[in-house]
Amino acid sequence: MYDPTVARLTYRALLGRRRALILFVLPVVLIVISVAVRLLVGADDAVANQVLGGFALATMVPLIGVIAGTGAIGPEIDDGSIVYLLAKPLKRPTIILTKLTVAVGVTMVFSAVPMLIAGFVLNGNSQQIAVAYAVAAVAASVAYSALFLLLGTVSRQAVVFGLVYALIWEALIGSLVPGARTLSVQQWALALAEKTAPGAGITSDVGLPVAAVLLAVVTVAGAWYAGRKLRTLTLAGEE
Amino acid sequence: MTTIRIDHVSRWFGNVVAVNDVTMDIGPGVTGLLGPNGAGKSTLINMMGGFLAPSTGSVTLDGAAIWRNEQVYREIGVVPEREAMYDFLTGREFVLANAELHGLPDAGEAARRALATVEMEYAQDRKVSTYSKGMRQRVKMASALVHDPSVLLLDEPFNGMDPRQRMQLMELLRRMGAEGRTVLFSSHILEEVEQLASHIEVVVAGRHAASGDFRRIRRLMTDRPHRYLVRSSDDRALAAALIADPSTAGIELDWSERALRVQAIDFARFTEQLPRIAREHGIRLLTVSPSDESLESVFSYLVTA
C-alpha cells in the first residue's frame, strides 16, 4: 500500500514549489516568536499555552496541513500530470495512501517538530506543555492531511476551501460559536494534549474518547473517499 | 494481436454530446484518428486510455473493460496531449520513474533503452522544464514505451513540432506499427495522417464519419464538388465560357464580392481548364481561391458521402 516512486515524486513536487516556502517560514516564525517571548517575559506556562495553542496549533498546523495535503495531489490533477501515475498498473488506494503518508510526514516535520522545539524554548517543557502540544500537532497532522488530501482530490479550489476551513471555521467561528468547536480538528487534538499534560491549563471542548473516534473517522473516511474519487477521476482532455 | 474495440459508445458532458454512438476496432498497425478540433477525438482517446467512462457502450482491450481496470496499463502506453509533466525531474529521472511505476524488474535498463529509442540520450540529464516542445514529446514517448506496450495511444502528437522532429516521430511510429503494435494517433491535419497511417478513422461532431483505407477516403475528399471564388477582368465572359465546360456544375455572380462563385465537379479537369479557358478568351484571372477548403467542410462532405 506504499509506492516509493510515488512518494519520491510527491516529496519533490511538494518541496520544490514556491508555495512550499510557507512550510519553512511558519516554523521559523514560531521559533523566533518563542525566543523573543522567552527573552522578554521569561518562562511562563500561560504564555507558552497562548503561543503554542493560540498561534501554532490554531493557525500554523492547519496552514501547513493545507499546503501539504492539497499540494500532495491537487496540482497534479489540475495540470493533468497525474495521468503518468494513473496510466500505470498501480492500485488507486496505493497512490492515495502513499501521498497521505508523504503529506502527514511533511506536516509533522514542519509543525510537530518546531512546536516541540518552541515549547522547550518557551518554558523548558514545564508541566509537559511542549510534549503535549507536539502530540496534539502529530494527531492534527494526520487528520488535516487526510482532510485536505481529499479536498485536493475532489476540488480545484482545494486551497481556498482549505484556508476557509483552517482560518475561518477553526479560528473564527470556533471562537464565536461554541458548538462549532465539536467539529474542529484543533479541539480534537487539544483533547489529546489535555490528557498528555493534565493540569497544565490546556482545555478542549471535546472529551478524549469522542476526539479520538472523530480523528480516526476523519482520517480513514478522508483517505477512503479520496481513493474512490481517484479511481473514477476523469481527464476530459482539451477539447 | 491486441485490439481495442469501441462498441456503440456515446459520451456526453451535461447537455453536450461529445461522442455519439461510435463503433470501431483499432487493430495492429498505425491508425490515424482524424477530425476537426472539437470533433471528439480526445474524448475517444481518453476513453481508450481508461481516463473517461463511456456514458453508454463499452471500450475493451482484447475483451477486457478498460475503464477502472488498471491492469490494462501493462499493455497500453499513453502519450497525452497535455504539456504538463514532472518538470522538476530530468528526462532520465522522468522515464526511470515511469519504469519503476510499472514495476519493471530492471527499470534503469528499460529507461535507458526507451530514451535511446527516441534519441534523447544527449539531453537526458537536463531538467524537463528546459526542453523544447519536440523534446518533451519525445520524452513523453519514451515514458509510454518504457514497458514495451502492445498498444500506443497518442493524442495530437505532432502539435508544435518542427518538421524534422515530426519526421523523426513519424519514422518511430511507423516502426512501432511495423513491429505489430497497435498504434493510434489523433490529428486534425490531413497531411500528417496521409504520411503516416494506412488506415484512418474519421470523426466529425462526435460521429464516426468514415473508416478504412486512407487512399479511398482521400479520393472521396478530392472528388467532392469544390467551390471557388474567381475574380477576373471580365467575369460575365468567363462565366459563359466555364459553364460550357463539363467540369463546372454551376456559376453564380456575386455582386457584393464582385466575383464569380464557381462549383466544380471535376476537380482535376477544372484546375486544368480554368487558366486555359481564360487565356483563350483573353481574360485576366485576378483571384482564384477555394471557398470551402476548410477541413470542417471536407469532413462535413464525408459525413454525407
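Select Phe88(B) to begin. At 23% relative accessibility, Phe88(B) counts as partly exposed. Keep in mind that this is a predicted model.

Is Tyr86(B) buried or exposed? Tyr86(B) is buried, and its relative accessible area is 3%.

Next, select Phe94(B) and Tyr84(A). Over all chains, the structure holds eleven aromatic pairs. Look at the one formed by Tyr84(A) and Phe94(B): the planes stand at 80 degrees and the centres are 5.0 Å apart, so the pair is edge-to-face. This pair crosses between chains. Tyr84(A) sits in helix 5 (residues 83-86) of chain A, and Phe94(B) in helix 2 (residues 91-101) of chain B. Tyr84(A) is buried, at a relative accessible area of 3%. Phe94(B) counts as buried too, at 1% relative accessibility.

**Salt bridges in chain B**

Stay in chain B and select Glu83(B) with Arg136(B). Their side chains meet in a salt bridge, 3.1 Å from N to O. Which parts of the chain does the pair link? Glu83(B) is in the loop between strand 6 (76-79) and helix 2, while Arg136(B) is in helix 4 (residues 133-145); they are 53 residues apart. Glu83(B) counts as partly exposed at 28% relative accessibility. Arg136(B), at 8%, counts as buried.

Move to Lys41(B) and Glu156(B). They form a salt bridge, and the closest N and O atoms are 3.6 Å apart. Lys41(B) lies in helix 1 (residues 41-48) and Glu156(B) in the loop between strand 7 (151-154) and helix 5 (163-178), so the pair ties together parts 115 residues apart in sequence. Both Lys41(B) and Glu156(B) are buried.

The assignment gives domain 1 (4-218) and domain 2 (223-292). How many Å separate their centres? Taken over C-alpha atoms, the separation is 43 Å.

**Over to chain A**

Select Arg181(A) and Asp205(A). Here is another of the 21 salt bridges found over all chains. The closest N and O atoms of Arg181(A) and Asp205(A) are 2.8 Å apart. Arg181(A) is in the loop between helix 8 and helix 9 (185-196), and Asp205(A) in the loop between helix 9 and helix 10 (208-231). The two are 24 residues apart. Arg181(A) is partly exposed, with a relative accessible area of 21%. Asp205(A) counts as partly exposed as well, at 44%.

Now pick Leu176(A), in helix 8 (residues 158-176). Is Leu176(A) buried or exposed? Leu176(A) is exposed, with a relative accessible area of 64%. Together with Leu176(A), they form a nonpolar patch on the surface, with about 660 Å² of accessible area.

Last stop: Thr10(A), in helix 1 (residues 4-16) of chain A. At 1% relative accessibility, Thr10(A) counts as buried. What does its side chain contact? Show Lys99(A): the side chains of Thr10(A) and Lys99(A) make a polar contact at 3.0 Å.

Note on methods:
Residues numbered from 1 in each chain as written. Chains lettered and ligands numbered in written order. Predicted model: local features only at pLDDT ≥ 70, side-chain atom pairs only at ≥ 80, totals over all residues. Heavy atoms only, no water. Phe/Tyr/Trp six-rings, centres within 6.5 Å; stacked < 30°, edge-to-face > 60°. Helix = DSSP H or I, 4+ residues; strand = E, 2+ residues; numbered from the N terminus. Buried < 20%, exposed > 50% of the residue type's maximum accessible area, 1.4 Å probe, protein only. Patch = residues over 30% accessible without salt bridge, like charges linked within 9 Å, V, L, I, M, F, W, Y side chains within 5 Å. Areas by Shrake-Rupley, 256 points an atom, 1.4 Å probe, with all protein chains shown as cover. Salt bridge = Lys/Arg side-chain N within 4 Å of Asp/Glu carboxyl O. Domains from an automatic or database assignment. Polar contact = N/O pair within 3.5 Å; in protein donor to acceptor, adjacent residues only side chain to side chain.
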